Amino acid sequence: MVLAEQGERPEASSAQGITPAESASVQCPADLLERIVDKGNMRHAYGKVQANKGAAGIDKMGVAEMRDYFKQHSDELFDQIKQGKYAPSPVLRVEIPKKEKGRVRKLGIPTVVDRVVQQAIVAQLTPLFEPKFSDSSYGFRPKRSAHDALRACKRHIDAGYGWAVDMDLEKFFDTVCQSKLIQILSETVTDGRVVSLVHKYLNAGVMVGGDLEETRAGMPQGGPLSPLLSNIMLNELDRELERRGHRFVRYADDCMIFCRSKRAAERVCESIVGFIEKKLFLKVNRDKTDVARFNEVKYLGYAFYRSKGECRFRVHPKSVKAMKERIKELTARSNAMSNEYRPRAATWFVRGWVNYFKLADMKKLLQGIDKWMRRRIRMVYWKQWRRIRTRFKMLQRCGIEKGKAWEFANTRKSYWRTAGSAIMQRAVGTQQLRRKGYLFFSDYYGQVHAR
């Protein structure tokens, strides 16, 4: 029925389901726990945690200190895990502000020892579950990225699926039904000792301001194990979508389902919401779950539009707004950055931001952003010069003739207006800012833009 609503034949779907033979191709070894605590596997996990660094957990042990701990206690730790006596420590609750005002993302920071053990579990479980995961799932998976997910969206839109169900799961990590997750995990992991160890991590508790809170629902977001467990849980949604023949893209808990018509999309939305809530016991945020044309949705920070019959990418206005807010922070006089550090910090941000949004068509946008950014930087210098004599001296040093420099040093115009003047553009020119170490968006975009 659903296939008929979308106007396609069953064999037309690009996302094919996994056959039983493929699902059973990787069997769970009977000695899975022994493989987890194998010294080679633990050494590899230790190296990954060390490379990722990160904050200390409730025991205040940092990454630099864990080497001595493992030298003294590794054998004891491995024996406790084998015997089922190991008890993970509670995670440390940290709240990170979200873009939406007043909202926070709750992270749970495990101890470094627990991070190593979790990483060792992930190393052994990933080969078991990767063959079972959908080709339409892209988040937290090896050799897959957000850019791959966006390109998959483009393929569906170009194929004529111009309506999207933008699915939003409400507080996914906080509301996961642990018993359902353990049930799904047990279907593949037949070593009950490993299932028990994972369950212990889910029930380890959260330390909030010195008080221990139980975690009978959800899973802490922040440890190495959580991304894999989220994919294991949401793979049930992927299987259902594939079974129904839908075209979809899922990146972590961000899921987009593509349909040919608005009517089909509305029906799909209603039926899939029922499946998620009744079968997976997850909550759907109905206020944010929407049915819309492909050019009206925001996905992974991007927006879509059509040009010459082809779907293309642009940066969503909300992402542009967030970027400008960050630039304001980096170019604020009150942030106590030195003139040597500020260009480095700005360059790190520019590189990271452009590398993420390089699929988008944004040449004109970035040229405007660069002009605005340079004006803000000039305003920083003008504020730093402060006194009339200092301004007079610095303007002369920057090549402004004496009379003009004295006249401009005495200006009573606002900082912003002064920073946009022709005199300041000459005194602190674009090339001079580049020599000081600033990298501008359009310069770097020209180097990395995917053509």
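**Close-up views of a predicted model**

View 1. Phe 140 belongs to the loop that links helix 6 and helix 7 (146–158). The structure shown here and in the following views is a predicted model. Although Phe 140 is not a glycine, its phi is positive, at about 55°. The relative accessible area of Phe 140 is 44%, so this residue counts as partly exposed.

View 2. The loop between strand 3 and helix 8 (172–175) contains Lys 171. Lys 171, likewise not a glycine, has a positive phi of about 45°. With a relative accessible area of 53%, Lys 171 is exposed, because the exposed class begins over 50%.

View 3. Four strands form an open sheet in the order 6-7-3-8, and their pairing is antiparallel. On average, and with direction ignored, neighbouring strands are turned by 20° against each other. Four bridges join strand 3 (residues 163–168) to strand 8 in the antiparallel sense. Within strand 8, Asp 290 is the bridge partner of Asp 166.

**View 4. Helices packed on the sheet.** Helix 11 (residues 225–243) packs on the sheet and touches strand 6 and strand 7 (254–259). The direction of helix 11 makes about 170° with that of strand 6, an angle that counts as roughly antiparallel because it is over 145 degrees. Helix 12 (residues 262–279) lies across strand 3, strand 7 and strand 8. Relative to strand 3, helix 12 runs at about 20°.

**View 5. The largest nonpolar core and the surroundings of Met 167.** The largest nonpolar core comprises 71 residues, and Leu 125 and Met 167 have the most contacts inside it. Helix 6 (residues 112–129) gives the most to this core, contributing 10 residues. In soluble globular proteins, nonpolar side chains tend to be buried together. When neighbours within four places in sequence are left aside, the contacts of Met 167 are Asp 253, Cys 255, Ile 257, Ile 272, Val 273, Ile 276, Val 284 and Thr 289.

**View 6. The crossing of helix 4 and helix 6.** The axes of helix 4 (residues 39–52) and helix 6 come within 8 Å, and they cross at roughly 120°. Helix 4 is therefore oblique to helix 6. The crossing of helix 4 past helix 6 is right-handed. On the side of helix 4, the contact involves Asn 41, Met 42, Ala 45, Tyr 46, Lys 48 and Val 49. Helix 6 contributes Val 112, Arg 115, Val 116, Val 117, Gln 119, Ala 120, Ala 123 and Gln 124 to the contact.

**View 7. Ala 422 and its separation from Arg 155.** Ala 422 lies in helix 19 (residues 422–427). The relative accessible area of Ala 422 is 56%, and the residue is therefore exposed. Between Ala 422 and Arg 155 there is a separation of 267 residues in sequence and, from C-alpha to C-alpha, of 47 Å in space.

Methods
Residues numbered from 1 in each chain as written. Predicted model: local features only at pLDDT ≥ 70, side-chain atom pairs only at ≥ 80, totals over all residues. Heavy atoms only, no water. Core = buried A, V, L, I, M, F, W, Y, C linked by side-chain atoms within 4.5 Å. Buried < 20%, exposed > 50% of the residue type's maximum accessible area, 1.4 Å probe, protein only. Helix = DSSP H or I, 4+ residues; strand = E, 2+ residues; numbered from the N terminus. Contact = heavy atoms within 4.5 Å. Pairing = 2+ DSSP bridges. Axes fitted to C-alpha atoms, helices over the stretch in contact; angles between N-to-C directions. Parallel < 35°, antiparallel > 145°, perpendicular 65-115°, else oblique. Left-handed = near helix turned anticlockwise from the far one by under 90°.
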